[in-house]
Every structure is written in structure tokens, then in C-alpha cells.
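Good morning, and thank you for the time.

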Amino acid sequence: MPVRLPFRPRRDAYPSDLWTKCPGCAEMLFNKQLDKTYRVCPHCSHHFRISAKARIEFLVDQGSFKERDSNLAPVDVLNFVDLKAYPDRLVAAQLATGLRDAAVWGFATIDGRRVSLCVMDFGFIGGSMGAVVGEKVARAGEAAVAERVPLIIVSSSGGARMQEGTYSLMQLVKTMSVVERVKAARVPYISVMTDPTTGGVFASFAVVGDVNIAEPNALIRFAGDRVSAGTIGEELPPGYQRAEFWYSHGFVDRIVARAKLHEEISTLLGFLIAPPLAGATEQASGQTSWPRSFLSALTGTRTADSNGESRGSQTAQPRGEAQNG
Ligand SMILES: [Zn+2]
């Protein structure tokens, strides 16, 4: 029987709001200290997951982020109930994160260069992509094309949101069609894959950047081990779902530690510049015609509010609402 000193607290008895145990090296880390290192373990460089808000704070120039479409909120189109009703899950996630859904987008500057930025938050139902997340990614891309500024998407997601069924699967198509427009317009797109980038997000916009960056040891995959091995009928090599494996096979271009991310993206933005349009006609009209959300373009609902100022409230509801009605 082990000797236990009566006055020494057990290591797992630390209050969790003060201390975090590092899964990489099992050290107990003081949360305030961890925040100062962008939530990266100072002992083993384990990158903890961070909120969209925290990431935006260190990624862009201080105070430069201006959020767009913060009023977009998800809709329970399917009246979906699993262990909990979907609306209850949404309310719990909204209270926990302070967000309406699992993505935030807006404009910001990085060392003075304007970018269109979309950041996902794993804390909101696993960063899953439903109609609102897909719409925000799409609007970030459309705005990047309209303003001819680089698009940056930071992924952190378990994949499509099953509570929105087919609506969530359709986001793969929607986001990819916007990425294709970004590429056709020769607007740079930098994708940052953080832990985890999986499922439908992996299978759509996350892996098709002009430059694909990953954080160290990030889990990047489409499906779990068993499904992947079962599909191809053979054992997969160890660590094949980690950023380093993807990097060694040319799938990821750079692995960048969180503390260096701002600097790295800033350097890339110095190289990647959207060339000016020949006639500049699209650019001139861009200010009055964006964002044309994919649904809006399909249904032609954007007839009256062609000026950018009034679009906020009129396009506030995601596609679910329109299809529900
Ligand atoms: Zn550690």
C-alpha cells in the first residue's frame, strides 16, 4: 500500500478553473500562465484548443477585427431530438461560448493588410458545421472576392452538424462553390487547420487553400481509424491523422506553432496579393452588391436591399428559416 502524506493534496484535486492538466506531459499548468502562452504548454508545446475570440485576439492586429453577421442564428429545421432536443443544445452552447453559432467572420488587418477572416470555435457543439457556419464561411469568401482581399479560414471542427441533417451536408457544396469563386477571382486563400479539423470541414474548404497551414500535432482527418481502415481494407500507419504526417506527404504546406502564426501569415500575405482586375468594373460595383449569399443568389430574394448598409437584418436568418417557411 502506498504511503500517502496527509497534508499534500492529490494531483487531480486541483480546482479546474485555476489549473489545467497537460495531456501531452501531464504537468499541471496554471491557467493564467497558459493564457499568456496562447494556451500552448511551455513544457511540451502541446497546443490546447482555444476559443474563436482568443484566437482572433492574437492572430490579427489589436482591435482591428470587425465582426459581420453576428446576428445569424441557427434554426431547428428538422425538430431534431437525440439525447437532448437540438434547441436545448443550442442554448447551452450559446450560454457557454457567448456565440450564436460555431463560427465568427469579419474583416481585420494583419500587420496593416486587410483580410476577410472566418474562425471556427470547437467549444460550440464541437465546431460542427450547420447552415450558419456554412453561410459565414460563404460570406467571408464572397466578401473577400468583392473587396479583393485575402481570405483566411481557421478551422476547428468535428465535421457536419448531424442535428441539421442534409442541410448541414449541403454546406460542403455551398462552401466549396464559394472557394471556387475565390480561386477564379485569383484572390488568395489561406487555410489554417487546428486541432481538430475533421469530417465535412476536412472534406470541403479546409484543405483546399492556396496555402494550407496546420498547427503542430493537430488531428486532421475525414473519418475515424476503424472507418478509414475498413474502407481501404488495410492497416493504416501510426500517426497518419496528425498534421506532421500530412506535412510529410505534401498535403499540408506548413506546420506553424501558434506563437508564430501571426508572423507567418503576415509573411505569406506579403507574397500573396490579389491582382487588380483588368477593367475594375467588378470591384467598382462590388461595394454595392456584396455579400450575395449563395441562397440569396439562388432564390433571388436580394432584390431590394442591394446596398450593403441594409442587408444586416434582412438576411439575418439562415437558409433553414427560408426553407422551413
Ligand atoms: Zn505539456
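A residue is called buried if 20 or more other C-beta atoms lie within 10 Å of its own, exposed if 12 or fewer do, and partly exposed in between, with the C-beta atoms placed from the backbone. Please keep in mind that this is a predicted model, in which local features need pLDDT of at least 70 and side-chain atom pairs count only at pLDDT 80 or more, while totals for chains, interfaces and linings use all residues. Residues are numbered from 1 along each chain as its sequence is written.

Let me start with Tyr 167. Is Tyr 167 buried or exposed? Tyr 167 has 22 other C-beta atoms within 10 Å, and is therefore buried. This residue belongs to helix H5, residues 165-184; helices (H or I, at least four residues) and strands (E, at least two) are DSSP runs numbered from the N terminus.

I turn now to the core. A nonpolar core here means a set of buried Ala, Val, Leu, Ile, Met, Phe, Trp, Tyr and Cys residues joined through C-beta atoms within 7 Å. The largest has 65 residues, and Ala 103, Leu 117, Ala 140 and Ile 152 touch the most other members. Helix H4, residues 131-147, supplies the largest share of this core, with 10 residues. Leaving aside residues up to four places away in sequence, Leu 117 is in contact (C-beta atoms, placed from the backbone, within 7 Å) with Val 60, Trp 105, Gly 106, Ala 108, Ala 140 and Ile 152.

Next, the strands, which pair if DSSP finds at least two bridges between them. Strand S7 (189-198) and strand S8 (211-214) run parallel and are joined by four bridges, with Ile 190 partnered by Val 211. S8 also pairs in the parallel sense with strand S10 (254-255), over two bridges; there, Ala 214 has Ile 255 as its bridge partner.

Finally, two helices. In H9, residues 261-271, the buried residues are Leu 261, Ile 265, Leu 268 and Leu 269. They lie on the same side of H9 because they cover an arc of only 100° around the axis, the arc being that of the directions from the helix axis to the C-beta atoms. Their cover includes S7 and S8.

Technical notes. Two residues are in contact if their C-beta atoms, placed from the backbone, lie within 7 Å.
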